[in-house]
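Please look over the sequence and the model before reading on.

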Amino acid sequence: MREIIVHELTQATQELVREFARFLPRLMVMLIVVLVGWMIAFLVKAILRSFLRLIKFDKLSEGAGASQLLSKAALPSSTELVSRFAFWTAWLGFILVGVSALGILGMQEYVTRFFVFLPRLLVALIFLFIGLLAASFFSRAALLWAVNTDMPSPRLLSSAARVLITVFTASAVFEELGLADSTMLFAFAIVMGAVMLGLAIAFGLGGQDLAKRFLEARFAPEKKEGKEREDELSPL
Amino acid sequence: MPQDQLWYKDAIIYQVHVRTFYDTNADGIGDFGGLAQKLDYLQELGVNAIWLMPFFPSPLRDDGYDIAEYTSVHASYGNLDDFKTFLKAAHERGIRVIVELVLNHTSDQHPWFQESRKSRDNPKRGWYVWSDTDTRYQGVRIIFVDTELSNWAWDPVSKEYYWHRFFSHQPDLNYDNPAVREEMWNVVKFWVELGVDGFRLDAVPYLVEREGTSCENLPETHAVLKELRAKLDQHYPGKMLLAEANQWPADLRAYFGDGDEFHMAFHFPLMPRMFMGLKLEDRKPITEILKQTPSIPPPCQWCLFLRNHDELTLEMVTDVERDYMYDQYARDKHMRINVGIRRRLAPLLDNDRRRIELMNGLLLSLPGTPIIYYGDEIGMGDNIYLGDRNGVRTPMQWDGGWNGGFSAADPESLYSPLMLNPVYGFQAVNVQSQKRFDHSLLSWMKRIIKVRKSTPVFGRGSIEFLYPANHRILAYVRQLDKESILVVNNLSSTAQAVELDLRQFKGKILIEMFGRNIFPRVGELPYLLTLGPYQFYWFRLRKI
Amino acid sequence: MAEESILTDEFLRQLIDVGEADVLVGVPTYNNAATVGHVVQTIRAGLLKYFPRERAVIVNADGGSRDETANLVRGASINDLQHSTDLNALRTLHSISAEYAGGPATGTALRTILASAELLRVSACAVVSPESTTIGPEWIERLLRPVYQGNFDFVTPLYRRHKFDGLLMRNLVYPMTRAFYGRRVREPYASEFSFSGSLASHFLAQDIWVHEVGHTGTEIALTMSAITGGFRLAQSFLGVKPHLDARSADLVAAMRQTVGALFWSLEPNFSLWSSIRDSQPVPTVGGEQEVTLEPLRVNRKRLFDMFRSGVAELEPVLKSILSPPTLAELQRIATLAEEDDFCYGDELWARTVYEFAASYHKAVISRDHIIQALAPLYRGRAFTFLVENREASGEQVEQNVENFCLTCERLKASLLELWNGKK
């Protein structure tokens, strides 16, 4: 009995030791892979950063108003952001490769999924980035346009533009990520409807003046013309 | 002589003063003997008519246009027999002779005027225009503005004013008087009987005076001239009358009548515009004046010239144009006289061979009969420091020797000093040296005259302007019956490209008339030509 | 070469026919049939009267007009084909028209005219607006003569204009151009001006044509180029300033063309303007700027309302452009009652513009948005100008403008600080 127990124990211990001995090199491989991955990722980050600096990526994104957006979101500069993203993506990839080297069952599948998912994630992130940029840009453009053409409620118009573009962006991002297609469609429809209703109410309340002016222009054009002429100062 | 009634249409006229050409008796003045001797030179040059400036007895206060006797020869130039000999020799060489007929006025030394001024009741009193006041014909312009103050001059002998449109020593004849008209017909008859082929009628617009008019171009004047022409045609057919009337083309037109007045008339307004077009590098002045030129009866012909014994007259241009011409061609005040520029062709064109050739090319290809002023065929210069217009009347330069080969007399005794400067002097510019080289101006002139004479198109054909968008190119088509000639001139000092619309000649080939080389066939597309500075082409358009 | 690619083959052929010319008058058009006929006929009369001997050409750069514009321009030609004796012209006058590609753009039109001037090797070139109905033949002489014979390279006009006309010019473009570049050019952005062949070549060779300023506001870029390139400037008095049509009354467009181009020019010329401290007068030919005073009804209230709503609504935008004290001051005055208390003073306005210029340089947001955001503030300034000068005489108005210019010159150092500093 004792022998059996001892034997089993010994065997188990031996097994464990053997397993461990078998596992140890894998672990080491994993650690090496992770380490080398970190180095490679760091290298990639450094190269990318200097490349982006070389092509003055910051300036480009500044022109597009992206920097403003980033600073608003308390994010680092766009060069830093992109290179950091590259670093983490690369390193994460290596960590996953390393983990798969451990030979843990099922892990392999997750790693493969991760690599399949990675480009989609990337595209989704780009969508998100561009979408937020566009939302910021167009909302400001709408605001300025409204102010300079003496439209009522410029802020509301601006916000409406922002919400609209953000919602579009979000739907595109979720679509790309393949998350809950139909749910998103419903959600989008609901948000859209809400926005439109909001706009309608907003215009109804805030647009009284506009409507009045429009009607005046329509039915009392002479009066308006007189007003316009008064204003006719050539700026140049 | 060939008996073509329209001979003047094909003529190339050489204008010369007998005094200036060649002196055979060493008195310092050219003579008919000399002119006769040099006929071979003229024949070689290719001219087929000579226009002799006044050679009649005269006090010579207006280059012989102040005539003291109409039917004789000034003693300095020989006698009537010398003239006849010359005339015969000219005709033998196929060269016709045109003499001057100064109808408007005589010299105050003419016996007629001497008679007329003797007393108010002299029979010849009515031969001139007398008046007891100088207020008649107010407003009539004065032609020699530099020397004359009035058209009336006081005669201290008969205590009356006499009328003169030119110098005060040139009293105007009274053409209201039938006796005057009869006497002038006798003068014409005299020269025609001798054998001259035509007359150049001086100052024709001024024959008759009428109160309240400009006393120019009056119907009465035309009547006098028509009467003369009718008599001439009746008795001596084939003789030519050439009008000197410095007028606008529309006024000039009347001198052709219905083909029953003058055969030819000088185209005065064209000449300054040719120089203007060249300077502006723009064809507009030339095409415009030719467009304004009315058509003339079929037997009639324009007479074209570049320079003559008078100033380059600027009466027939606008003020803007006159100022421009003065500034461009006569910056030195010495170069100006009356309303014009007293310079010869070569100095006017800065002695630029290319421009001289272009201007002669125009002269010989535009519609009309060309006149070459003596000496211009070798590019003689002028002496603007001589008085009046004598600067363009210096002796012909034959060679580089004694007096330029003009005379054996002492240089001091010549009627006019010779050109002496190193550029235009007789040692630099003379016939003998130019005869030696094919590339000389003289040789070139011979060639172009030969080409001109190779076809009657230039003398008799119609003209149609092409208007390429490049305004520096003056292009026209001369046409007679089935023969067509395309002339393209570059008026600018730089190379030019031009596209000509020649669709009406589609299918024809171009043959350059000097070298007779073939140019590409005319197609549907605009015909592209490139021309060097001041270059011109004459193309025969041939259907082959 | 870039300048050749903008000329069509057809236009090039017309230029070959024109050949070398001495003077050129360019007319940029787009559907100007109503007025261009009168303008080109006047140009022709001016050329005939004052430049009868010179080889002249009228070049019309057209943005694709659908009306009779091009034919009206061509109708001013003088040639032997369409003869009229009463003109008394010595020469052929080509009046040619070219349609440039890409639709109406004043910059492209100007470029076409500049390229023509260079190819025709002209000595002097003038540009005249097809809408300048107040033009007289003497304008041609006044524009071209200083260049053609006066050895100047760039001539800007002086006009007789109403004291309330050209407010943007008086309150921003002129003072700022003067403060930046140190030359007192009264009309840096004019509908009429002239330049020498060498300036045309210099300007054509610059690489502005790929930028926005190569399409709009090119005229002011030309002015900057003449100043920064060390060309000889002059001003020439023309006459009554033509009242342009409603298109130019679009404030934002006008600001893009002027302020946008002005701010844009600061970038490449930093080393030049940063060292300029004061300003030099520009030689003037034929009289000074004149001011007319006939009464004019102006809707000041609208200007003020738009200013006030602009400051309120644009707060987030202005925050990123202006410094906190300036913004606070703006917000303070925006709450004041109009007319009586409100005053958008010289100093505050100058500081506003400088901060906008610096923000434009740093591109804190889209540069076009920066220009647009300036428009409502300018309205407030214009309001103050109108109120302050309501009863002012011509001299007083000019003096006020001069004072503002001096303020701008004085405060220029603050821009230099902002320029390189962190926001």
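In which loop of chain B does B:Arg516 lie? B:Arg516 lies in the loop between strand E19 (509–512) and strand E20 (518–519) of chain B. Helices (H or I, at least four residues) and strands (E, at least two) are DSSP runs, numbered from the N terminus.

This is a predicted model, in which local features need pLDDT of at least 70 and side-chain atom pairs count only at pLDDT 80 or more, while totals for chains, interfaces and linings use all residues. Residues are numbered from 1 along each chain as its sequence is written, and chains are lettered from A and ligands numbered from 1 in the order in which they are written.

**Single residues**

A residue is buried if 20 or more other C-beta atoms lie within 10 Å of its own, exposed if 12 or fewer, and partly exposed in between, with C-beta atoms placed from the backbone. B:Arg516 is exposed because 9 other C-beta atoms lie within 10 Å. Its phi is near 60°, a positive value in a residue other than glycine. B:Glu281 also has a positive phi, near 55°, and is not a glycine. Most residues other than glycine have a negative phi. B:Glu281 is found in the loop between helix H9 (270–280) and H10 of chain B, and it is buried, with 20 other C-beta atoms within 10 Å.

B:Tyr255 is in the loop between helix H8 (249–253) and strand E9 (264–266) of chain B. This tyrosine counts as buried because it has 25 C-beta neighbours inside 10 Å. Two residues are in contact if their C-beta atoms, placed from the backbone, lie within 7 Å. Leaving aside neighbours within four places in sequence, B:Tyr255 is in contact with B:Val204, B:Ala243, B:Ala245, B:Glu261, B:Phe262 and B:Ala265.

In chain C, C:Ser393 is found in the loop between helix H16 (367–388) and helix H17 (394–420). C:Ser393 is exposed, as 12 other C-beta atoms are within 10 Å. The table gives two C-alpha separations.

| Pair | Apart in sequence | C-alpha to C-alpha |
|---|---|---|
| B:Tyr255 and B:Ala90 | 165 residues | 29 Å |
| C:Ser393 and C:Phe164 | 229 residues | 12 Å |

**Nonpolar core**

A nonpolar core is a set of buried Ala, Val, Leu, Ile, Met, Phe, Trp, Tyr and Cys residues joined through C-beta atoms within 7 Å. The largest one has 302 residues, and those with the most contacts inside it are B:Ile50, B:Ile98, B:Leu242 and B:Ala265. Not counting residues up to four places away in sequence, the residues that B:Ile98 touches include B:Ile13, B:Ile50, B:Val196, B:Phe199 and B:Leu242.

**Helix pairs**

Axes are lines fitted to C-alpha atoms, for helices over the stretch in contact, and angles run from 0 to 180 degrees between N-to-C directions. Angles under 35 degrees count as roughly parallel, over 145 as roughly antiparallel, 65 to 115 as roughly perpendicular and the rest as oblique.

In chain A, helix H4 (residues 78–101) and helix H5 (residues 107–148) pack at an angle of about 160°, with axes 9 Å apart. H4(A) and H5(A) are therefore roughly antiparallel to each other. Among the residues that meet here are A:Leu96 and A:Val99 in H4(A), and A:Val111 and A:Phe114 in H5(A).

In chain B, the axes of helix H6 (residues 178–194) and helix H7 (residues 219–235) come within 11 Å and cross at roughly 40°, so H6(B) and H7(B) are oblique to each other. B:Arg181, B:Trp185 and B:Val188 in H6(B) meet B:Val224, B:Glu227, B:Leu228, B:Lys231 and B:Leu232 in H7(B).

**Chains**

Chain A has nine helices and zero strands. Buried residues make up 19% of its 236 residues.

Of the two pairs of chains that touch, chains A and C have the most contacts. Chain A and chain B do not touch, and their nearest C-alpha atoms are 40 Å apart. Between chains B and C, 17 residues of chain B are in contact with 13 residues of chain C. Helix H10 (284–292) and helix H11 (319–329) of chain B each supply at least two residues of the side of chain B that touches chain C. The largest share of that side, four residues, comes from H10(B).
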